[in-house]
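Please consult the sequence and the structure while reading.

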Amino acid sequence: MNRYKPTYFRNSLDLRDKVQVKILRKRLKLSDERFASVVRKSGTAISAITKEASTLKSIS
């Protein structure tokens, strides 16, 4: 009985996991639309998302 063991990367966001997305979005205090645009622009790396969100907040 070999089962598939999911591999999780600590530094990248799994967009299929709704809990991860919700936690990161709430931590960054972004709306759904703004979070989607940040992820689209920077990719799935959590550090890149955080950096892009901070620059987005400093501009606004």
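Q: Is Lys41 buried or exposed, and what is its relative accessible area?
A: In this predicted model, the class of Lys41 follows from its relative accessible area. A residue counts as exposed when that area is over 50%. Lys41 is therefore exposed, with a relative accessible area of 63%.

Q: Which residue meets the side chain of Lys41 in a salt bridge?
A: Side chains of opposite charge can pair when their charged atoms come close. For the side chain of Lys41, the N to O distance in the salt bridge is 3.3 Å, and the partner is Glu52.

Q: Which helices hold Lys41 and Glu52?
A: The pair ties together parts that are eleven residues apart in sequence. Lys41 lies within residues 32–42 and Glu52 within residues 46–59, so the helices are α2 for Lys41 and α3 for Glu52.

Q: Is Glu52 buried or exposed?
A: Buried means under 20% relative accessible area. Glu52 has a relative accessibility of 19%, so Glu52 counts as buried.

Q: Which residue forms a salt bridge with Arg25?
A: Arg25 itself counts as buried, at 19% relative accessibility. The closest N and O atoms of its salt bridge are 2.9 Å apart, and the partner is Asp32.

Q: What is the N to O distance in the salt bridge of Asp14 and Arg16?
A: Asp14 is partly exposed, with a relative accessible area of 24%, whereas Arg16 counts as exposed at 74%. Their side chains meet in a salt bridge with an N to O distance of 3.2 Å.

Technical notes: Residues are numbered from 1 along each chain as its sequence is written. This is a predicted model: local features need pLDDT of at least 70, side-chain atom pairs count only at pLDDT 80 or more; totals for chains, interfaces and linings use all residues. Side-chain values use heavy atoms; hydrogens and water are left out. A salt bridge is a side-chain nitrogen of Lys or Arg within 4 Å of a carboxyl oxygen of Asp or Glu. Buried means under 20% relative accessible area, exposed over 50%, partly exposed in between (1.4 Å probe, protein chains only). Helices (H or I, at least four residues) and strands (E, at least two) are DSSP runs, numbered from the N terminus.
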